[in-house]
Amino acid sequence: MAAEIESMSKSVQKLAIDGKESLEKYIQKGTDSGKLNTSVPLIEVPIVDIGLLQSPLTRTEELHKLRSALSSWGFLQVINHGMTSSFLEKMSQVAKQFFSLPVEEKQKYYRETGSHEGYGNDMAPSEQKTLDWTDRLYLTLSPEDQRQLRFWPENPPAFREMLDEFAKKSQRIQEILLKEMARSLGLDDNCFLDQHGERPIVTAQFNYYPPCPMPGKTLGLRPHTDGSVLTILLQDKEVEGLQFLKDNQWFRVPIIPEALLVNVGDQAEIMSNGIFKSPIHRVVTNRERERISIADGLIDETRPRLYKTVKGYASFYTEYYQQGKRPIEAALI
């Protein structure tokens, strides 16, 4: 029997091409949206070299940079991460090729009712009036036995192979960073890895932001934090869009060729008892173009426990995101 497909509104890609329908439901209201693209300064993002992190001769200085970046900003750019520039370019290309396919081809991978997996546009409850200007492809990468391959595009032909390799390399980067993050706090190297579990769920989300006729009034992704432990992002090297909030001011994130942007998610903020920050970020549009508990070593008289032990964080993350709230607030004591 054919799987039930969620009733979906027209993709933003089609809206951008047709240019006939009202875009009212995508317009941000009650925000500084009129300034989204014009008055946001560029910020120098901390850069951490994974090669230096793993060398006994240079580890101390690089660990200091890692802790400083994740506690002050919550994100950083990583280099020497094990992915070649040619591989990253190919990964970007197959993603772009997928979104450029005819609607009928992409429709094969539409997500099913009640599921996050697959291709679609912004999911929102009926009472939510503002939608993100984006189409998404959301896939589970690991554990491998939880992959739902019916949602993994077979066109372009190289997509599945590239994504499988990207998943393995990304997981390796995450393991290295979690060990070094624990080490930077004076904890056992495997402290955060053990919290993460033997079979951590790793997902990939491809976001496509078509040219938007009202870039000053819409957002590709509304302000939010990530519900993950870490997010590893391959930015489009040609078009800026990602912005982070720091000290109540928005900053544009520069594009650094061959670097991967890594940001702390809510789960890592909880595990570090608030030392590492899960940053609020958003994506602007362009006209043109699971159990979590706190590491005991981080709780003492001067730094009391800030968060409850949380189970099933992902189960309420989406609900809070859709309401424009920070899910981590539900974990505060």
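Predicted model: local features only at pLDDT ≥ 70, side-chain atom pairs only at ≥ 80, totals over all residues.
**Notebook: salt bridges, then the sheet**

Started with Glu105 and Lys108, whose side chains form a salt bridge with N and O 3.0 Å apart.

I checked how accessible the two partners are. Glu105 has 16% relative accessibility, so I put it down as buried, the cut-off being under 20%. Lys108 comes out at 55%, and I have it as exposed because the limit for that is over 50%.

Next I looked up Arg150. Which residue does Arg150 form a salt bridge with? The partner is Glu112, and the closest N and O atoms are 3.0 Å apart. I wanted to know where the two sit. Arg150 is in the loop between strand 4 (135-142) and helix 6 (159-184), while Glu112 is in the loop between helix 5 (103-106) and strand 3 (118-121). The pair therefore ties together parts that are 38 residues apart in sequence. On accessibility, I noted Arg150 as partly exposed at 47%, and Glu112 as buried at 18%.

Then I moved on to helix 6. Here Lys169 and Glu165 make a salt bridge, with 3.7 Å between the closest N and O atoms. Why are they about one helical turn apart? Because they are four residues apart in helix 6. I got 26% relative accessible area for Lys169, which is partly exposed, and 32% for Glu165, also partly exposed.

I also found a network: Arg59, Glu180, Arg183 and Asp189 are joined by salt bridges that share partners. I then searched the whole structure for a total, and the search gave eleven salt bridges.

I traced four strands in an open sheet, ordered 1-2-10-7, with mixed pairing. Which strands are at the edges? Strand 1 (47-49) and strand 7 (230-233) are, each pairing on one side only. From one strand to the next I have an average twist of 30 degrees.

I took a look at strand 2 against strand 10 too. Parallel or antiparallel? Strand 2 (residues 75-79) and strand 10 (residues 260-264) run antiparallel, and four bridges join them. Within this pairing I found Gln77 of strand 2 opposite Leu261 in strand 10.

Last entry: what lies across the sheet strands. I found helix 3 (residues 59-72) lying across strand 1, strand 2 and strand 10. Against strand 1, helix 3 runs at about 145 degrees.

Key
Residues numbered from 1 in each chain as written. Heavy atoms only, no water. Pairing = 2+ DSSP bridges. Helix = DSSP H or I, 4+ residues; strand = E, 2+ residues; numbered from the N terminus. Axes fitted to C-alpha atoms, helices over the stretch in contact; angles between N-to-C directions. Contact = heavy atoms within 4.5 Å. Salt bridge = Lys/Arg side-chain N within 4 Å of Asp/Glu carboxyl O. Buried < 20%, exposed > 50% of the residue type's maximum accessible area, 1.4 Å probe, protein only.
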